[in-house]
Amino acid sequence: MANTSEISSDGGTLDPALRDLTQPLIDHAEGQLFLNEAFKIIVEEVLRKGTDAKEKVCEWREPDSLALLLDLQLRDTGESQDRLLQRVRDVAKYSIKTSHPHFFNQQFGGVDYHSLAGRFLTEALNTNLFTYEVAPVFVLIETEVLKALRQLVGWTDGDGIFCPGGSTSNMYAMNLARYKLFPEVKTKGLWALPRLAIFSSPGSHYSVKKGASYLGFGSDSVISVKVDDGGRMIPEDLDEKIELAKSQGIVPLLVSCTSGTTVLGSFDPLDRIADVCDKHQLWMHVDAAWGGSVLFSKQHRHLMKGIERAKSVSWNPHKMLLAGLQCSAFLLQDTTNLLKRCHCANASYLFQQDKFYDVNLDIGDKSVQCSRKVDCLKLWLMWKAVGSAGLEQRVDKAFIHVRYLLEQMKKRDGFQLVSTPEFVNVCFWFIPPSLRGQEGNADYQDRLAKVAPVIKERMMKEGTMMVGYQPLGDIQNFFRVTVFSPHISHKDMDFFLDEIERLGNCL
Amino acid sequence: MVLEHNHDSTKDLNLMALPSLFPCEGQSPETDLRNLSKFCQAVTDGLPLEESAERFIHEAMEVIIDEAVKKATDVKEKVCEWQSPEQLKELLDLELKDGGESDSKILQRCKNAIRYSVKTSHPRFFNQLFAGMEPYSMVASFIIEAVKTSLYTYEVAPVFTLMEDAVLKKMMELIGWDEGGDGIFNPGGSMSNMYAVNLARYRLCPNIKEVGLYDAPRLVMFTSQEGHYSISKAAGLLGFGTKNVYVVPCDNRGKMIPLALEEKIQLARSEGAVPLLVNATAGTTVFGAFDPVDKIADICELHSLWLHVDACWGGAALLSSAHKHLLKGIHRADSVAWNPHKMLMASLQCSAFLVRDKMGLLQRCHSAKASYLFQQDKFYDVSYDTGDKSVQCSRKPDAFKFWLMWKALGSTELERRVDKALAMARYLAQEVKKREGFRLLMEPEYANVCFWYVPPALRDIPDGPELWRKLHTVAPVVKERMMKTGSMMIGYQTHGDKPNFFRMVVINPQVSKEDLDFVLNEIHNLGKDLR
């Protein structure tokens, strides 16, 4: 906004900083030029090259040399636009191309352009989701998206909120369960309560333990329930563990079930766990951060049979649905405003009660955050663009891809499954030729454990692809590939297997 | 994109009779795939950035630049386009359906979302502790969205890991921690304040991480009556209970009274409780007051308490040689929360949590050592995998938004912005004092200017309950009117027994004196008939 008015007569009597009060400090024309130029780089380097199978997934540099390349230091003086555009190019070049068809390293990947437009728009509008006053469109969109997600869970009514990640959602579940059972905890703290226990499987996400520590329960209060061969919680063992806790004078509080475990992609048997929860009056939370998206699929939603009996659900559309980081919904069956009662602080500077509109739309006090990002627009826009049917297709396609990958692995030597996939996680060892047939040798496990890290190092240094590996309990290092991006083709999966062989055959 | 719009293929999919999820021996997946029509063509072909996708993203960006950037910052345009929730629901056509929509329809939805959203970058948006548009930070946030990564390992976020470290170091330098420290960016200042509480607890009794609070002595924290509500939320979430937040009175400028803090600590002790942490505020939410950090630090040292400074709002003054005295003593804090997304205008969210400890306290307190993410046998130095310092798992690379704008502007320009905002606030306070019908609550210490507007009909009523009662209803009505005309946005609130007053917050370097004059004129125009 050009402002050319004269400095007023009293300008002279004020301090020097005031003399330029009529001059804006931001030159928007310059800023917009930069934005245009930077956007070209984003499209070329990140979107076009970053999704091109012929380009590299990563451009590996050791931390020290990357730090030098990036010239990180912040100085007194600013830099020219050209210099800054070069910085944008550097960031694009040395960042991992998570939308690349050969990026299999995490549970996010791929790119959805409608969601991306929603994200750009969210960033440009730069607002906070706490009151209707300051985010009217997004308050309504969040409400609608939560409703639609709840409908897929099977609830006609309920509550919810978007959180900065699934870990936070899981912690919300614990806090709500505790508050529901002992409302006095909010004011008096845990000192007023008996010892409480949380139950989850060893395959559950680590945020259950982090949450237990953070919320003051202590990680020891998380009781591990046995799993079957497929990594699924055994309801009978849950029942026993609950009885055991009770006999020790501990109050069982919550079961954190998992729909789609991080490593194996296992689904706990929700219906049977719900029976146990009913019997003992426990809060049933389902961490469906990863697996929740199967609810879109008529064919695969049976994996979460019984989900409607949960009290709360965590579901991250930023994972399988490609909504973009972060997009994490926390869904609640409750209709008594439990979420708000548990978290509210009634700040009078933000949540004034004498506003001219319905203040129930000021949803911010349901959160433990104050400023909260708008994470709903990207999902809403993408959902509008492709419809529930389009999202269902994505889920179904991922399963078909996994089938193809498994079939190809069977045809090749040296690929050995850790367990039969239930979802889109495929966990396997690659046995290099030199180790094949040596399972009986004493050092076999030790040697096998070293294979995946070396292959990983080689793939990253060459930049050809990225896939994760890990040990699990006493099982040695194995690869976990998650296949879900709609941009992946058979060719990419063939490449994946070829590349593992190429990098690992000589080991 | 073609793939997503071809809904006929769904039918094909459902028609597939799959005996089980995964094929039996001898059954070729290709057989099924042949049935999948166009939708699965992509399975074999792959989908690079298609022309249609690229065209769409270009068109969307055009809309964003024209409407959400250019128009949104244009003083001649409205700040907001008020619609009642019911009307807005209709206009937005929110419902999510089975079928998808064309790109042109989606672009129209983008336009609607912009039209009815509040323009927080407009020069007449003064409603929150953030405002304005910082183009460099915005570009950084676009890059973050396009690059789409999570900040937990060097492996998957090498660039942003290093940038976060560089920004934290620079912020620690400004705080005055010559020997460095540790830190992390969080989704908001409330989270940072909670981290402080958790770290203080862990330092005092590390085994609470495993065994919980049950056997620990009752722990108490202290904050002023003006401190942010997140301390209370922290007490609720972390299991302390809100009653174990002892509220320390403030002086008439809204600053914590050190003597009163001392008394509250003694009180807690006499009850058998263990004092844990003091939260001092540098820049309170309503008045912008600064607690006397140096004096509070003396008390904390005396009693061995964790000193946390919530400088989310006021931290920016550290960049100004003229104003950094407001935070004198901050280098003595154990931890600091500082949100560059407020006064410094980095895009939301950009919230730093800084800890003076260099011995890995943050990591030890929060770590869960997940073996699927933080493998210890990686081929690079795993100390660069910083994610286990957080209680989040996926975490956005927010530091980059600050880094790029800092590179663009330099510390000197950031300093000018802070100086200008504070000069503007003083100008506004002077105007308020000059004008009939405006009453300043107190001289601003920072960028918050709190005042009443007294309509002509109330000006003859002497100070007392009748005036307070009537004045109380003025700000809400003026607020309603300004939003319905869309001319500007300012917050109001009560405080203690004070009737509703306006709080202007001047941040935006694109704001001119004219804009501030406009605000006072407009309040008068909107409220002069009130009685």
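**Notes on the predicted model**

1. Leaving aside its neighbours within four places in sequence, Leu507(A) is in contact (heavy atoms within 4.5 Å) with Pro432(A), Ser434(A), Val451(A), Val454(A), Ile455(A) and Arg458(A). Leu507(A) lies in the segment after helix H14 of chain A, and it counts as partly exposed because its relative accessibility is 26%, where buried means under 20% relative accessible area, exposed over 50% and partly exposed in between, with a 1.4 Å probe and protein chains only.

2. This is a predicted model, in which local features need pLDDT of at least 70 and side-chain atom pairs count only at pLDDT 80 or more, whereas totals for chains, interfaces and linings use all residues. Residues are numbered from 1 along each chain as its sequence is written, chains are lettered from A and ligands numbered from 1 in the order in which they are written, and side-chain values use heavy atoms, with hydrogens and water left out.

3. In chain A, 5 strands form an open sheet of mixed pairing, in the order S1-S11-S12-S10-S9; helices (H or I, at least four residues) and strands (E, at least two) are DSSP runs numbered from the N terminus, and two strands pair if DSSP finds at least two bridges between them. The edge strands, each pairing on one side only, are S1 (103–104) and S9 (415–417) of chain A. S1(A) runs parallel to S11 (residues 466–472) of chain A and is joined to that strand by 2 bridges, and Phe104(A) has Val467(A) as its bridge partner in S11(A).

4. Helix H14 (residues 490–504) of chain A lies across S1, S9, S10, S11 and S12 of chain A, running at about 25 degrees to S10(A); axes are lines fitted to C-alpha atoms, for helices over the stretch in contact, and angles run from 0 to 180 degrees between N-to-C directions.

5. Lys319(A) is in the loop between strand S7 (312–315) and strand S8 (328–332) of chain A, and counts as buried because its relative accessibility is 15%. Leaving aside neighbours within four places in sequence, Lys319(A) is in contact with Gln107(A), Phe108(A), Ala289(A), Trp290(A) and Phe484(A).

6. Between the chains, 209 residues of chain B are in contact with 194 residues of chain A.
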